[in-house]
Each structure stands twice: as structure tokens, then as C-alpha cells.
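Let's take a friendly walk through a protein model. Have the sequence and the 3D view ready as you read.

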Amino acid sequence: GNAVEGCTAMPPTGPIIDQHAVHAVQRAGTGGAIVDGTYDITDARINQGAVGLPGPTGSSYQGSIRFTGTTFERVVIFRSSAGAFAETRTSGTFVTNGQTATLNATCPTPGQEQLTYSVAGTAVTFANLATKESFTFTLRP
């Protein structure tokens, strides 16, 4: 494969999901056990509190994440109404502690994401408390 596929060749199998801005405060997650499997993005939102206009942001996401033991692979395609397009592929290890999931990327470059998360049924919602963005991934049947 090419350099983009170096971290994972997993295809983004989920639907294209429009990101929505919502009048809500980004709260910490409730944690839970993340079950091994492949999950697709089923919801994307930005929690902007009481400011701003709710509704579509003009951005969309399509992507998948696979958890296997303590490793993850993720592919996300971002599109904006302005014509921007980005495909990011990441892999590495992860650890959960309470309501925090720490993703330690080893590919394409070392980096760390600290996210708050909640498991509800077959869905896992990850939220970034700094950017106020959240993504729900649902286990593929």
C-alpha cells in the first residue's frame, strides 16, 4: 500500500455523517468496557453551549475504528462544504481509566489523544473536552 495506508488498510465502512452543532455543554463521559470489534461513525457533533447557531456545520465525517485488545486502528475521512478533504489513518495502543480513554498513536507519528468516553450498548462516544467535538462509533454487526 501507499504511505496513507501504512497505519491501517481498514476501509471506512460507515455512512457519511453530517456534523451538527448543538446547544449543549460537553460533559465528561461515564466510561465503560470497550468491546473488541470494528465500529463505524454514526454521529458527529460539536457541543457549543448556549452560543452559536445549532444545525449542520457544513462538515461531514466517514470512518471506522477497530479495537483489538489494547490496540486500535482508525480511518477517518473529513469533508467540508468549502471543499476540504482529508483522510487520516492512525494506529497504536489505548488504555482506559475511569471515564478517560488515552489513545497512544504510534503511526503515522507518535502522539496522544486524551478523550472522555461513554459506552452505551454497542456504541462508544468519544469527546474532546478542549475542542468540544464528539463522535459516536457503533459496533458493526
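Predicted model: local features only at pLDDT ≥ 70, side-chain atom pairs only at ≥ 80, totals over all residues.

Residues are numbered from 1 along each chain as its sequence is written, and side-chain values use heavy atoms, leaving out hydrogens and water.

Start with the disulfide (a pair of cysteine sulfur atoms within 2.5 Å). C7 is joined to C107, with 2.0 Å from S to S. Because C7 lies in the segment before strand 1 (17–22) and C107 in strand 6 (residues 100–107), the pair ties together parts that are 100 residues apart in sequence. Strands here are DSSP runs of E, at least two residues long, numbered from the N terminus. C7 has 11% relative accessibility and counts as buried, a word that means under 20% relative accessible area with a 1.4 Å probe, protein chains only.

Now find the nonpolar core, a set of buried Ala, Val, Leu, Ile, Met, Phe, Trp, Tyr and Cys residues joined through side-chain atoms within 4.5 Å. How many residues does the largest nonpolar core have? There are 19 residues in the largest nonpolar core, and those with the most contacts inside it are I34, Y39, I41, F67, F126 and F137. Strand 2 (37–47) is one of the strands that each supply at least two residues of this core. In soluble globular proteins, nonpolar side chains tend to be buried together.

Conventions:
Helix = DSSP H or I, 4+ residues; strand = E, 2+ residues; numbered from the N terminus. Buried < 20%, exposed > 50% of the residue type's maximum accessible area, 1.4 Å probe, protein only.
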